[in-house]
Amino acid sequence: MSGVFVFRMKVYHYLCLMKKEIIVVLNAGSTSLKYKAFYLPSLVVADEGQFSIDTVGKERQTEERNIFAALVSKLSLVGEISGFAHRVVHGGERFFKPVLVDKAVLLDLRKTFDLAPLHNPYNVSFILLAMKALPKVKNVAVFDTGFYEALPDVAKIYPIPYEYFEAGVRKYGFHGISHEYIAGEAAKKLKKPLSKCSLITVHLGGGSSITAIKNGKAVDTSMGFTPLEGLTMISRAGDIDPGVIFYLMRKYKMSAKDIEELLQRSSGLKGISGLKDFKEILDAAAKDEHKPRLAFDMFVYRIRKYIGAYMGVLGKIDAIVFTGGIGSGRRETREAVLSSMPILKGVKKFAIPTNEELAMAEKAVSLLKNSPKIKE
């Protein structure tokens, strides 16, 4: 560890002696680290923010160490860190429920990197930094796939030879922390127990997904084995005929890596409109610019198509709930989705901002309260 890193850790240990306890939620991605700290036991927000990350390889490792040291130093002025809750996108076949992280768990998490290469390596990197820097502080991994652990077989098994399902190739679903949270908030608005609610929850952001919920349990969701399946997204294609992939390989001599890059980063709304930002797409579509208008219409069409399908699955719903930066943001998108859908007549419609960090903090606290605190 660098001298600056060690010094900051010493400062943290000194300053936290008289501070209130906090739990820190970390959401690490390929280009940023988002954090939110909550006072205990109230779960009132103590601090929140984001660090940008723009390096790769060994330079990234150094940048991550410096960022984490700066974060801990900053939070030492706020309170004593009593635990970390880490968002982990993919738990594979083993992990669905929140888990205390130890060496064995870390080893298993490394085996999931190929399932979520754009997310899990970065999630685990900051878990390691937390464990090394503050070895007496516990770390909880909270999984985006957790809400979909009990999906029915008819929804989670792909129609390919059954041995692949036995090997772990199945629908896992993502954005589960968000969908579960807004389902709970919708139940409060409906003044019903979640266990008696049937809902369609729509998370629209950089990544987008829809979940069908019956009696409080997820029964289907648009994302699948990876977060690439389902709705048209900002840069991800969503549902596509697999035959297109084979055609691209034959016709354009594209490799698997080329196609993955195409479908993950260069498709979706960006691929159709040529624009990266959803606000720019909305503004251009409002001016009837052809490609942005087409991109927006395709986005809306796919959402409506899934809503219709899930109405068929559920039969009757209590509410449809929108969230995410797009879903609970400017109303144009919701209005476009909901217009001319008589199937939703009489159904309550909610726009509820998600709070994944609070949901993660609650899950981590619930797990940690049954685990004895480690004294330094």
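Predicted model: local features only at pLDDT ≥ 70, side-chain atom pairs only at ≥ 80, totals over all residues.
Buried here means under 20% relative accessible area.

**Entry 1: helix α4**

I began with who is tucked away in α4. The buried residues are N120, N123, V124, S125, F126, I127, L129, A130 and A133. I also checked the length of the helix. α4 has 14 residues and its first and last C-alpha atoms are 20 Å apart, close to the 20 Å expected at 1.5 Å a residue.

**Entry 2: α4 against α2**

Two packed helices are described by the angle between their axes and the distance between the axes. I looked up both for α2 (residues 57–75) and α4 (residues 120–133): the angle is about 55° and the axes are 11 Å apart. That makes α2 oblique to α4. The crossing of these two helices is right-handed.

Which residues make the contact? From α2 I noted R60, E64, R65 and F68, and from α4 Y122, S125, F126, L129, A130 and A133. Sorted by class, the α2 contact with α4 has 6 nonpolar, 1 polar and 3 charged residues.

**Entry 3: α4 against α3**

Next I turned to α3 (residues 103–110). Its axis and that of α4 come within 11 Å and cross at roughly 160°. An angle over 145 degrees counts as roughly antiparallel, so α3 is roughly antiparallel to α4. This crossing is left-handed.

The α3 side of the contact is L106, L109 and R110, and the α4 side is V124, I127, L128 and M131. By class I get 6 nonpolar, no polar and 1 charged residues for α3 with α4.

**Entry 4: F126**

Is F126 buried or exposed? Its relative accessibility is 1%, so F126 counts as buried. Setting aside residues up to four places away in sequence, F126 touches A28, L33, I53, E64, F68 and H86. Two of those names, E64 and F68, I had already written down on the α2 side of the contact with α4.

I also took one distance along the chain. F126 and S195 are 69 residues apart in sequence, and their C-alpha atoms are separated by 35 Å.

**Entry 5: H90**

H90 sits in the loop between β4 (80–88) and β5 (99–100). With a relative accessible area of 0%, H90 is buried. What does H90 contact beyond its neighbours within four places in sequence? My list reads T112, L115, A116, N120, F143, T145, Y172, F174 and F225. N120 in that list is also among the buried residues of α4.

H90 and F143 are 53 residues apart in sequence, yet their C-alpha atoms are 6.3 Å apart.

**Entry 6: helix α7 and S178**

α7 runs over residues 176–190, and its 15 residues should span 21 Å at 1.5 Å a residue; the end C-alpha atoms are 21 Å apart, which agrees. Of the 15 residues, 11 are buried, so α7 is largely enclosed by the rest of the structure. I listed the buried ones as G176, I177, S178, H179, Y181, I182, A183, G184, A186, A187 and L190.

S178 is in α7, and its 0% relative accessibility makes it buried. Not counting residues up to four places away in sequence, S178 touches H203, T323, T354 and E356.

Just after α7, K191 takes a positive phi of about 60°.

Most residues other than glycine have a negative phi, and most peptide bonds are trans.

In the loop between β2 (32–39) and β3 (45–52) I found P41. The peptide bond from L40 to P41 is cis, with omega near 5°. L43 is in the loop between β2 and β3 too, and has a positive phi of about 60° although it is not a glycine. At 19% relative accessibility, L43 counts as buried, the cut-off being under 20%.

S340 also has a positive phi, about 55°, and is not a glycine. I located S340 in the loop between α14 (331–338) and β11 (348–351). Is S340 buried or exposed? S340 counts as exposed, at 66% relative accessibility.

Key. Residues numbered from 1 in each chain as written. Heavy atoms only, no water. Axes fitted to C-alpha atoms, helices over the stretch in contact; angles between N-to-C directions. Helix = DSSP H or I, 4+ residues; strand = E, 2+ residues; numbered from the N terminus. Parallel < 35°, antiparallel > 145°, perpendicular 65-115°, else oblique. Left-handed = near helix turned anticlockwise from the far one by under 90°. Contact = heavy atoms within 4.5 Å. Nonpolar A, V, L, I, M, F, W, Y, C, P; charged D, E, K, R; others polar. Expected span 1.5 Å × (residues − 1). Buried < 20%, exposed > 50% of the residue type's maximum accessible area, 1.4 Å probe, protein only.
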